[in-house]
Amino acid sequence: MIYLVEDDGNIRELVTYTFHTQGLEAEGFERPSEFWEAISQKLPDLILLDIMLPEEDGLSILKKLRNTSATQRIPVMMLTAKGSEYDTVLGLDSGADDYVAKPFRMMELLSRVRALLRRTRETDSVQEYRIGELYVCPQKHQITVSGRPVVLTLKEFELLCLLLEHEGMVFTRAQLLDQIWGYAFDGESRTVDVHIRTLRQKLGKSGALIETVRGIGYKIGG
């Protein structure tokens, strides 16, 4: 099930209709209050979230989702105004998994949604990892350092899992954006660096496992 929070009725009806014709269950909500009522009854597989909404904006909704254990791992795609790089970066840094700028083409949106669902399922199938004092179990979303639990955002968690899955491999920033966010960011962005920095801080002494390869990118081990 895909939930769409969008106050524009034409967009909401077009997206849900297209998803239904392509075999994807979808339900649209005009107001955040309707969305919160629905999510209290049934958790979706993915959320499409407009930024400009009545009652409360999409970024506020995103923060609540990421700060609640039951919803913190649900993939969220933001719908942003075309050319609004500030909202895009803010959304990604707040834990969004992807974004699509309005006006968008339906087939592009459908492709991005399917890719995001696929990446989420692949992340869930990864096994556990141990390096030094660091332990990560993707299935349980469990991270510990020296036996002590570490709380990460979804993007920090996915970054860590990707680096662990390909231990010793150096990823460029562009590759990390493509692998984790599913697209090449259009323009200058420090999103990857911000996430790596906060990830290192949260991992404490195990943060040193994430190495910076000067002029290229990042890696773990090898």
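## Buried cysteines and nonpolar cores

Cys137 is buried, its relative accessible area being 7%, in what is a predicted model. Cys161 likewise counts as buried, at a relative accessibility of 4%.

| Residue | Relative accessible area | Closest cysteine sulfur |
|---|---|---|
| Cys137 | 7% | Cys161, at 9.2 Å |
| Cys161 | 4% | Cys137, at 9.2 Å |

The structure as a whole holds zero disulfides.

The largest nonpolar core is made up of 27 residues, and those with the most contacts inside it are Leu134, Val136, Ile143, Leu160, Leu164 and Leu203. At least two residues of this core come from each of strands S6 (129-131), S7 (134-137), S8 (142-145) and S12 (217-220), and likewise from each of helices H6 (154-165), H7 (173-181) and H8 (191-203). Helix H6 provides the largest share, namely seven residues.

One of the residues with the most contacts inside this core is Ile143; when neighbours within four places in sequence are left aside, Ile143 is in contact with Leu134, Tyr135, Val136, Arg148, Pro149, Val150, Leu152, Phe157, Leu160 and Leu203. Apart from this core lies another, of 20 residues, which includes Val5, Ile39, Leu53 and Leu62.

Notes
Residues numbered from 1 in each chain as written. Predicted model: local features only at pLDDT ≥ 70, side-chain atom pairs only at ≥ 80, totals over all residues. Heavy atoms only, no water. Core = buried A, V, L, I, M, F, W, Y, C linked by side-chain atoms within 4.5 Å. Buried < 20%, exposed > 50% of the residue type's maximum accessible area, 1.4 Å probe, protein only. Helix = DSSP H or I, 4+ residues; strand = E, 2+ residues; numbered from the N terminus. Contact = heavy atoms within 4.5 Å. Disulfide = S-S within 2.5 Å.
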